[in-house]
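This report walks through side-chain contacts, one group at a time. Please keep the sequence and the model in view while reading.

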Amino acid sequence: MKRAFASLCAALAVTGAVVTGCGHGPDSDAPGPATTAANRTGPRPLTWQQELRIGDAQQRLTRRCMNSHGFAYWEDRTLTLRESMPVRYVQDDVAWAREHGYGGRIEARQDQVRLHNPIAAYRQSLSATRRAAFDKALDGGSDGSDVQVLSAKLPGGDREVRTRLGGCTKQAQEALYGDPADWFRASKTATGLPALYGQQLLRDRQLTNAVSAWSECVKRAGLSYPDPRAARDAVRENTARLGTAGADKAFATERRTAVADATCARATSLKTVAAARETYYVDRLPGRYGEALDTYRRLERQAYDRAARIVPQRA
């Protein structure tokens, strides 16, 4: 799971209350009828806990499918539910920050899990013939005979993205979302929406005032950062500079900064302001984007309802 340090992409989806992800390019489409909070009521976004459970269910379905083809497959549930919390642009959970900072040590552990991935090791242990069969079972393989090519246009331009989907990966997605092509189009549209309003959001007076108040608050704690992204960037650079030998010192700095960040985010209501302003801009996107967002949320909700019958929530 990607976590830890915010980027500009994360800043555009400041709280995750609307959508997550990052798109490209300005909105070049002619404006359509606005979709406002007053005239549109659609499915609510899932919580990160629910999204995590969908991911766990997809792993479980993939494992079952691979096992049915005669191959071993491992699920990754090494993090607890609490450890899995994503750290977005605004993080106001002081207790979590006091224990985990920005999640740097969690990310380091996950890097080790990825480095020693049992699936990759198992695949390499197979003969060339069995390895090809493993690849075909997992994602359709390289010959393309069992692969569906999905495509979607990103919001605000003509840029198109594509992906190949096949094998057990496709089967797992179908079990959760239905038609993978519908899910791919909806997810790429929804997660690309921040590109349409991101710059307006970052310049929004209410949000910039709240960020300034946050900056003044952390200054009183002995830190000097213009915004949460700058604080996390500084922590990341400090951790990289100190390296393994200075890991404990780096984590102490990370935790101190994260606690001040979260405390000030809570004191200034930054998360509430950010979520409200993000919703304001999303509600004023052309109507077709509101419909796409509703489709995305409906398919996610469907996937969650199915996932809840497949895997338990993490402890």
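## Salt bridges within helices

Lysine 219 counts as partly exposed at 45% relative accessibility, where buried means under 20% relative accessible area, exposed means over 50% and partly exposed lies in between, with a 1.4 Å probe and protein chains only. The model is a predicted one, in which local features need pLDDT of at least 70 and side-chain atom pairs count only at pLDDT 80 or more, whereas totals for chains, interfaces and linings use all residues. Residues are numbered from 1 along each chain as its sequence is written, and side-chain values use heavy atoms, with hydrogens and water left out.

Glutamate 216, itself partly exposed at 41%, forms a salt bridge with lysine 219, the closest N and O atoms being 3.7 Å apart; the term stands for a side-chain nitrogen of Lys or Arg within 4 Å of a carboxyl oxygen of Asp or Glu. Both residues lie in helix 10, three residues apart, about one turn of the helix, where helices are DSSP runs (H or I, at least four residues) numbered from the N terminus. In helix 8 (residues 180-192), aspartate 182 and arginine 185 are likewise separated by about one helical turn, because they are three residues apart, and their side chains meet in a salt bridge of 2.6 Å, N to O. An α-helix has 3.6 residues a turn, so residues three or four places apart point the same way.

## Salt bridges elsewhere

By the rule above, the count comes to 17 salt bridges. One of them joins aspartate 93 to arginine 82, with the closest N and O atoms 2.9 Å apart; these two residues, eleven apart, are both in the loop between helix 2 and helix 3. Aspartate 93 is buried, with a relative accessible area of 19%, whereas arginine 82 counts as partly exposed at 38%.

## Aromatic pairs

Rings of Phe, Tyr and Trp (its six-membered ring) pair if their centres lie within 6.5 Å, and planes under 30 degrees apart count as stacked, over 60 as edge-to-face and the rest as tilted. The count by this rule comes to six aromatic pairs. Among them is the edge-to-face pair of tryptophan 74 and tyrosine 122, at 5.6 Å centre to centre with 65 degrees between the planes. This pair links distant parts of the chain, since tryptophan 74 is in the loop between helix 2 and helix 3 (94-100) and tyrosine 122 is in helix 5 (residues 118-125), 48 residues apart. Ring pairs also link Phe71, Trp74, Tyr122 and Phe134 into a cluster.

## Two arginines

Which ring does the charged end of arginine 277 sit over? The ring is that of tyrosine 280, whose centre is 4.3 Å away; such a placement requires NZ of Lys or CZ of Arg within 6 Å of the ring centre and within 35 degrees of the ring normal. Aspartate 204 is buried, with a relative accessible area of 5%.

Arginine 297, in helix 14 (residues 287-307), is buried yet has no salt bridge, as the nearest side chain of opposite charge, aspartate 294, is 4.9 Å away. Here Lys and Arg count as positive and Asp and Glu as negative, while His and the chain ends are not counted. The side chain of arginine 297 reaches the backbone oxygen of proline 43 at 3.3 Å.

Conventions
A polar contact is a pair of N or O atoms within 3.5 Å; within protein, one must be able to donate a hydrogen and the other to accept it, and residues adjacent in sequence count only if both atoms are side-chain atoms.
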